[in-house]
Amino acid sequence: MTAVETKRERFVAVEIQKNEEGWNVLQAILKDNPGAKIDDFPGYYKIKHPEKLLIRRETVEKIMGRPWDTQEFNLVIISYAGNFAEWDDEKILIQWDTHM
Amino acid sequence: MAKKKLTLAQKYHIYTRGLDWEPTYVSKKDIYPYAEYEGIKIKDWNKWEDPFRMTVDAYWKFQAEKDRRFYAILDGFIQNQGHLTLSDARYLNSIKLFIQGVTPLEYMAHRGFAFVARHLPGAGPRTAGFFQSMDELRHTQIEVHAGSNFNRYYDGFHSMTHMHDRVWYLSVPKSYFDDAVTAGPFEYITAISFSFEYALTNLLFVPFMSGAAYNGDTPTMTFGFSAQSDESRHMTLGLQVVKFLLEQHEDNVPIIQAWIDKWWWRGYRLTTLVAAMMDYMLPKRVMSWKESFELYIEDQILEGLFRDLEKYGIRPPLHMEQSIKEKEFLSHDVYWILFGFTYAAAFHTWIPTEAEMEWLAEKYPRTFNQYYRPLFEKAKEVKTPLPGGRFYYLGLPQLCQVCQIPMAFCDPDDPKNVVQRHVEYKGEVYHFCSDGCKWIFEREPEKYIQSWLPVHEIYKGNCFAEPPKGPDDVVPQVLRWYNIQTDNFDYFVSEDYKNWKEWHKDMATVVV
Amino acid sequence: MATQYEIKQKVIEPKRQAFDYLMKRYGNQPASRYIEATVDIQQRENFHYRPTWRQGVEIFDKNYSELKLTDYYAFLDPRQYYYYTYNATRAKNYEAVEKYFEFCGERGLLENVDESWLKVFNRYFVPFRHLEYAGWILLVGVARFGYGTSLTQCAEFNACDKYGNAQLITRIAFELPEPDGDIFENAKKTWLEDKIWQPLREYVERLLTVQDWGEVLIGQNLALDVFVQPLIHIELDKLANENGVSVFSFFSKYLYDIYKDNMKWTEEFFKVALSDQNYGDANKKFVESKLNQYASAVSKAIDAFADVFNMPKKKGDFKTAKERILNGANEIYARLGLNVKIKN
Amino acid sequence: MAFGEVKALYKYEFEPRDRAEVFGDDLIVYAYWIDNRFFCSASAWRVPKNMKWKDFVNHISSLYGLDPDYKNVKKWEWYHFDEKFNPQDDKTLVELGLRHKSIVKFKPA
C-alpha cells in the first residue's frame, strides 16, 4: 500500500431539502453569497462557500413573497458544516470561529 | 414605568434559565447528585450561550409541521403501494439494519437526554437537552412508523426492539449507547451531542438518506432528512457544550480530550455498519463510503471543526489517522462479515453483481480488485448445505471486547491480515480489533469486562429458545431465541426475492 | 438508462399485519400508530454495563421505584399521544393562545390591566412559573427513570407541558406593565421570600431530591397539581373576576385544561398500578402512605394563600375555596379507591 | 500496562462476565488462518480443556475445510498468540499451554 490519499478543503456548507421552500431559500442564499457553489444530490442541495454563508430574512421574503420567520429555516435545513455564528430575527450566519 | 427593550438573548434567558433558582431548603447537590464525580469544573453556568432560542410553543408549532409533512408523505407512499416502486427489494436490507440497529438508539438517546435534562445543574443546557430528548423520541417513532409499512410486506422488520436486545450484530449499536448512558451527564452529552451528532450522524443521515431517495424510498428519505434537521440543532448544542466546558476550566481540557478520543473511535466503529450499507446494500448508489468520509470527516470535521478547537488546546481524536487509513477497506471488511454470517442475521446479503463489482473497483481502485473481489470469486466456488448453498462462515467469530464487531478489520499495512490486539487484565485475556478499542479498554477496563458478548453468551447457553437436541440444533435454537424466522440467508433464496418477482411479473417494464 | 416499473393497480396482501411483538399481545391485526410508537419500545434485557452514577441498578430497572407493574404496557395513555399527536394537539391548543394575545394586544387589555389587581397577580401568578418549572424537572426525571415507554412518554409530554406553562406565564408577564420595576426579578424575590410561597417551595425542593419516580409522580401529579392547579386557575381566577378582572381567565382555562389533560393519563396510570394482579396491594399501600404525607403537606402549604384572598378590594373566602379544592382532591382519590387521610 | 479507573459514585468493580470459571471444564479458544481473509475474522470455539490437539484441529476443520485450499495443505505452522509453537497431536489443550481465550494461529508451513 502506498500512502493514504487525501485532499482536504476548508469550507462552510448547508444542506437544503429539495422542495419548493428549500428552493426559494437556496435562491436567497445564492443571491446573498457570491462565490457559493451548489452540489446537487438526490433529495437535497449542498451549498458550500470557502468562508461563510448568510441567510437573510428580507431576501427570502422577497423571493417567497410572504413573511418568513428565520426559525422556519428549521423546516428546510438538513445539515450544515460550520457554526451558527448568528441566528436572530433578521439573519442566519454560518461560519467557523477561526478564519484562515 | 415603561418596559425596557430586551435583546432576543435576554428574553430567552428569562424564558428559560430565569426560571431557575438556588434552592435553600435542600442543598443543590441533593437535587443534582451526579454533577461532580466526573471531575468537570464549572465556574459559572451563566456563561452558557444558548445554541438556539426555541421556546416550547415554537417547538410545538415547527415540530408538528415537520411531522405533518412526514406523515402526509408516508400515507401517500402506503396508499400508492410505494414499496413496489423501490429500485429493488435488496435495497430494504439496509433499512432493516437501520430499523434494528439505529431506531432503538434513537430511543436510548431520548431517555439519555431526559437524564441530561434532569441532572445537569445548568438550566441552559438542561433546556437544550430536553428539546433533544423530545426530538429523539420523535425520531424513534417516525422510523418505527416508516418501518411498519415495510414490515407488512417484507421480512426483517417484525421484531426490531426484541432483536436489538438479543441479536449478535445488534450488540454493536446497543453496547455503544449503553456505554454512553451509563456514564455521567457530562460524558454523555460530550459523547452523543458532540462526537456522535456533530461528527458522525451526517454520514448516516445525509448521503445514506440521499441514497434512500435515489432508490425510491421517500418515507425513509423524509424521516432521514427531517430527523437530521433536528440534528442540526443537536450539532449546535454539541459544539456549544464542548466549547463551554473547555472555557470553564483548564482542568476540563484533558478530560474532554480523552472523551473525544474515546467517543470518536466508539462512534466511528459503530458507523462502519453504514459503510457496508452504502457501498453494498443500495442497488443505486449516490456516493461511496470513502467519498462520504472524505467530505464529512476529513473536510468538515478535520479541516473545519478541529481547526476551530485548536485554540482550546484540543487536537483531533487520537485514532483518527487509523480511520483515514481504513477508508478504502472498511465497507468491504464489514460487508464481508455480514455476508458470511447472514445465516444468523435478520437481513439478506448477496454477491455483488458484476456491474456492482465494477463500481466498487472504480471507487476503490487500490483495494477492491486486489483484496475483495477474490473473496467473492472464491465464495462462488464454495458450497455449503445451507439455503442458497453458497459460502457462509459456519462457525462463530471472535468479537472485539469493546466495539463487539467480529475482529475483521483489515490491517492497511498488511492487507492479507486483520488487526488483532490483546491485553491481560486481572488474569483474564481480552481481544481487540484495533488500537483504538484496546486504548478504550485500558482506560476503563472495569466497564468493558462486563460486555455482553453475543458469541460467549451463546457458548454459555444463554441464547437458546430451548436446549438444543444436538449439535445441529444449536443454531436453530439461537435463531428462535433471536426470533429470526425467514429473515436470514442469501437474498436470492429469500421470501423477499420470491415475492418481489411475483409482484412484478405481470408488470410492464418501461425502459427510459 | 433507468428501468421503471409500471405498476398494475392491484392490491398486495400483506405478509403480516403488525410487528411480531404486537401481534403476540393483540392478535393478528394492524396496530394503531400510537401502539406502534409505544408498546415494547424500551430496551429490556442484556444491558452491557452498569451505571456509574448509581450502584446496584441496570440502565432501565424496575427497581427505580417501589411502585411496580406486572406488565408495564398494561398502562396505555387514554389520549393516545405519541410525538406527532402530542405536538399537533399542543400546536393547535396554542393557536388559540396566539389569537388571544393578538386580541389583548389590539385592545391593550394586558398593558392596561387594573393596577390594584396587578399587585395581587404579581404575587400569586407570576411566581407560579417557578413552581411549574420545577414540575418540568421532576417529570423529565420520571421520563428517564420510569419503566416502559407508555409511562415515560406521558411523563415526557407532561414535562414539556410544564415547561410550556412556565413559559406562557412568562409571556403573559412580558405584556404587563411594570410599575414596581422588573416583573421577573420581583417574582423571583416573591418566590424566594414571600411567606405565601415558602411552604410550596420547600415542598418542591424536597421532592426534587427524591429518587423514586413513583413517589415523584405521587408528589407532583397526585398531590401538588391536584391542589395548586385549582387554587391558581379556578379559585384565584374566580377572585379576579369578582374584582372585575377577566382578562386572565382565558389563560387560566387554557392552563387548567392542560392540567386536566394530564390528569387523564395520571389517573389511568394509578388505576392500572392499583389493580395490578401481583403488585396492586403493595402499590396501594405505597401510594396511600406517600399520599397521606404529600397531600397533607400540600394542603397545609396552600393555607398560606389565605393572605392573597384578603388582598383585593373585594376580598375572597379562602375557607370555602379550600373546601372545594379538598373536595376535588378527595373525589380523585375516591375514584382511584384510595383511602387518603389529609391532615390539616 | 497502566490501567485506568472508571469514575463512578461508588467503587466500580465487577466480575468479568466471561471469566474462565464460568466455562467450567471448558475453554474459549480462538483460531485464525494467517494470510487468509476468506474467513473474515478469527473463529471462537468452546472446547474441553482436556481435548486432544488432534481433535481440536479436526473440530475447527468443520469451518476451515470450507476453503478449497484447506485440503491441499500438507503441513501447518502453528502459533499460540504470536509465539510459534509445536503442538503434539495427543497432548491436551491445557498440556500444550492453552488457556481461556487463547488464540491459535496457523498458516501453511
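Analyst: On a 1 Å grid over the protein atoms alone, a cavity is a set of points where a 1.4 Å probe fits but cannot get out, while a pocket is an open set with protein on both sides within 12 Å along at least five of seven lines. Lining residues have an atom within 4 Å of a point. Grid points are joined across faces, edges and corners, and a volume is the space filled by probe spheres set on the points. By that test, the whole structure holds 11 cavities of 30 Å³ or more.
The model is predicted, and local features need pLDDT of at least 70, side-chain atom pairs count only at pLDDT 80 or more, and totals for chains, interfaces and linings use all residues. Residues are numbered from 1 along each chain as its sequence is written, chains are lettered from A and ligands numbered from 1 in the order in which they are written, and side-chain values use heavy atoms, with hydrogens and water left out.

User: What volume does the largest cavity have, and which residues are closest to its centre?

Analyst: Its volume is about 260 Å³. The lining has 22 residues, and B:V102, B:L105, B:F196, B:L204 and B:L270 are the closest to the centre.

User: Which elements give two or more residues to the lining of the largest cavity?

Analyst: Helices (H or I, at least four residues) and strands (E, at least two) are DSSP runs, numbered from the N terminus. In chain B, helix 4 (92-101), helix 5 (103-119), helix 8 (171-181), helix 9 (185-205) and helix 12 (252-281) give two or more residues to this lining. Helix 9 of chain B gives the most, with 7 residues.

User: What makes a residue in the lining of the largest cavity nonpolar, polar or charged?

Analyst: Ala, Val, Leu, Ile, Met, Phe, Trp, Tyr, Cys and Pro count as nonpolar, Asp, Glu, Lys and Arg as charged, and the others, Gly among them, as polar. Sorted in this way, the lining of the largest cavity has 15 nonpolar, 3 polar and 4 charged residues.

User: How much space lies in the second largest pocket, and what lines it?

Analyst: About 1000 Å³ of space lies there. Of its 32 lining residues, B:L394, B:G395, B:P471, B:V474 and B:V475 are the closest to the centre. The classes are 26 nonpolar, 3 polar and 3 charged. Helix 21 of chain B gives the most to this lining, with 6 residues. Elements of chain D that supply at least two residues include strand 2 (43-48) and helix 1 (53-64).

User: Why is D:K101 called buried?

Analyst: Buried means under 20% relative accessible area, exposed over 50%, and partly exposed in between (1.4 Å probe, protein chains only). D:K101 has 1% relative accessibility, so D:K101 counts as buried. D:K101 is in the loop between strand 4 (83-85) and strand 5 (102-108) of chain D, and has a positive phi of about 70 degrees although it is not a glycine.

User: Is C:N46 buried or exposed?

Analyst: C:N46 has a relative accessible area of 19%, so C:N46 is buried. C:N46 lies in the loop between helix 2 (33-38) and helix 3 (83-107) of chain C. Its phi is near 60 degrees, a positive value in a residue other than glycine.

User: How do you know that the buried residues of helix 1 of chain B line one face?

Analyst: Those buried residues are B:Y12, B:I14 and B:Y15. Seen down the helix axis, they fall within an arc of 155 degrees, so they line one face of helix 1 of chain B. The arc is that of the directions from the helix axis to the C-beta atoms.
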